[in-house]
Amino acid sequence: MQYYSTNNKNNKVNFREAILQGLANDKGLFMPESINPLSKNFISNLTKFSLQEISFEIAKNFVEDEISENDLQSIIENSISFEAPLVSLNENLSILELFHGPTLAFKDFGARFMARTMEYFLKGMNKKITILVATSGDTGSAVANGFLNVDGIKVLVLFPSGKISKIQEKQITTLGNNITAIEVEGTFDDCQRLVKTAFVDDELKNKINLSSANSINIGRLIPQSFYYFESFKQIKNKNQKIVYSVPSGNLGNLTAGLFAKEMGLPISKFIAATNKNDVFTKYVKDGNFNPQSSIETLSNAMDVGDPSNFVRILDLYKNNHSLISDIIFSKSFSDGETLNKIQELHDDNNYIIDPHGAVGCLAFDQYKNEVNENIFCVVLETAHPAKFLNVFENNLSFSPDVPEKLLKCLNKNGSTIKVSSKYDVLKEILRS
């Protein structure tokens, strides 16, 4: 399988180079030359397969012969080693809980698969790689955990100072070893800008091998399509219109769902649920894409003003706004509406959802009212609600129980390097 740059379709590399480079040398994002449909027989019989078996069939489509089947199975068994249950709230709505991995966030799928795949490719190459990743919350902890103690790989995680939850910060800053936490005085967009600047700094790239673990890396995006198939498998009545509501920030999760649809999964509609960072929502509405500075909200992992994966969605649908708006509905919501939805789900369903999942539920409500037809929706619950304890403690009368693995993290001392949002400062750290 060849992968081309979204900036130049003649700029192609194989899967190994796409995942090791992270970003194309012309600043474009890598896209697969083709997204091959899975067989109708396989999709019709998903219930016969485990999550790991489904993941293998999907990954094989993108990796082809660059990793042997035995090694690919081993990578998947070692990385996708947790479940993704679908929890029914009523006959029209189920929650896909993606927080059963080590760091309690959906990004465990992509980060762990990518770490094991990179480790596989680096074996015997006598090559060291520095992973540079910007995080608005959950990416940092998932990547840090996924790459912890992986031979030949050093990881620098950039996070915006004071703009992620205390638990998320602890998960990033307490690991040590080959993981370094960089606390940036700025926003997530500043962190993302610093990472992208480093990737096009030829002087720096001549000294160190850089790669990315954000969803700009195709190696993190592909495994995120696994759980769309896994959740579809668990839907009991498939003879109805099925939509997926996706809490959306950098648009990686949404893009992975669109990949799943291209592979043949019969999803009627995607709902891109956004908070006040509504650049994509406005694009879906009128076709104008105007990046803006990110706005701080309670659903902080979605606080993105210039979503990277937008170019992949444009590429996938050949820049056809009419087609994109036909496939994707989008709506944004305020923090107040988010808190009300968390309270409502707790009162009506005895279910505690995190702020991002709550935005997903709000967007489904809006869509359902607009189309006024019988539909079934899967809302992606992207992280465990206990990762946002501050939201509950400051605004609501109840809080989720904190899982043991998070409690252990809270009791550790963290370590960070605090920097300004100027690139030269980061560059010196990378060169040292």
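**Loops, helices and overall build**

Modeller: N177 sits in the loop between α7 (166-173) and β8 (179-184). Keep in mind that this is a predicted model.

Biologist: What is the phi of N177, and is the residue buried or exposed?

Modeller: Most residues other than glycine have a negative phi. N177 is not a glycine, yet its phi is positive, about 55 degrees. Exposed means over 50% relative accessible area. N177 has a relative accessibility of 64%, so it counts as exposed.

Biologist: In which loop does K27 lie, and what is its relative accessible area?

Modeller: K27 is a residue other than glycine with a positive phi, near 75 degrees. Its loop runs between α1 (15-21) and β3 (30-32). K27 is exposed, and its relative accessible area is 53%.

Biologist: Is S294 buried or exposed, and which residues does it touch?

Modeller: S294 is placed in the loop between α13 (279-286) and α14 (310-316). Buried means under 20% relative accessible area, and S294 has 17%, so it is buried. Leaving out residues up to four places away in sequence, S294 touches T187, F188, D189, N277, D303, V304 and G305.

Biologist: Turning to the helices, how many residues does α17 have, and what does it reach from its first C-alpha to its last?

Modeller: Helix α17 covers residues 355-371, which gives 17 residues. At 1.5 Å a residue, 24 Å is expected. The helix comes close to that, with a reach of 25 Å.

Biologist: Why is α12 described as largely enclosed by the rest of the structure?

Modeller: Helix α12 spans residues 252-262 and has 11 residues. Nine of them are buried, so the helix is largely enclosed by the rest of the structure. The buried ones are G252, N253, L254, T255, A256, G257, L258, F259 and A260.

Biologist: What follows α12, and what is its phi?

Modeller: The helix is followed by a glycine with a positive phi. The residue is G264, and its phi is near 115 degrees.

Biologist: Where is F199, and which residues is it in contact with?

Modeller: F199 belongs to helix α8 (residues 188-199). At 4% relative accessibility, F199 counts as buried. Setting aside neighbours within four places in sequence, its contacts are Q21, L23, L132, K205, L210, S211 and S212.

Biologist: How many Å apart in space are F199 and E230?

Modeller: Along the sequence, F199 and E230 are 31 residues apart. In space, C-alpha to C-alpha, their separation is 34 Å.

Biologist: What separates the C-alpha atoms of K241 and S268, and which residues does K241 touch?

Modeller: K241 lies in strand β10 (residues 241-247), and it is partly exposed, with a relative accessible area of 41%. K241 and S268 are 27 residues apart along the chain, and their C-alpha atoms are separated by 5.9 Å. Not counting residues up to four places away in sequence, K241 touches S268, E373, N374, I375 and F376.

Biologist: How far apart in space are N41 and Q343?

Modeller: N41 is in helix α2 (residues 40-44) and is exposed, with a relative accessible area of 57%. N41 and Q343 are 302 residues apart in sequence. Their C-alpha to C-alpha distance is 42 Å.

Biologist: To finish with the whole protein, how many helices and strands are there, and what is the radius of gyration?

Modeller: The protein has 20 helices and 14 strands. For 432 residues the globule rule gives 22 Å, and the protein comes close to this, so it is as compact as a globular protein of that length. The radius of gyration is 20 Å.

Biologist: What share of the residues count as buried, and what share of contacts join residues at least 24 apart?

Modeller: Of the 432 residues, 60% count as buried. Among contacts between residues at least 6 apart in sequence, the share that join residues at least 24 apart is 75%.

Methods:
Residues numbered from 1 in each chain as written. Predicted model: local features only at pLDDT ≥ 70, side-chain atom pairs only at ≥ 80, totals over all residues. Heavy atoms only, no water. Helix = DSSP H or I, 4+ residues; strand = E, 2+ residues; numbered from the N terminus. Rg over C-alpha atoms; globule rule 2.2 N^0.38 Å. Buried < 20%, exposed > 50% of the residue type's maximum accessible area, 1.4 Å probe, protein only. Contact = heavy atoms within 4.5 Å. Expected span 1.5 Å × (residues − 1).
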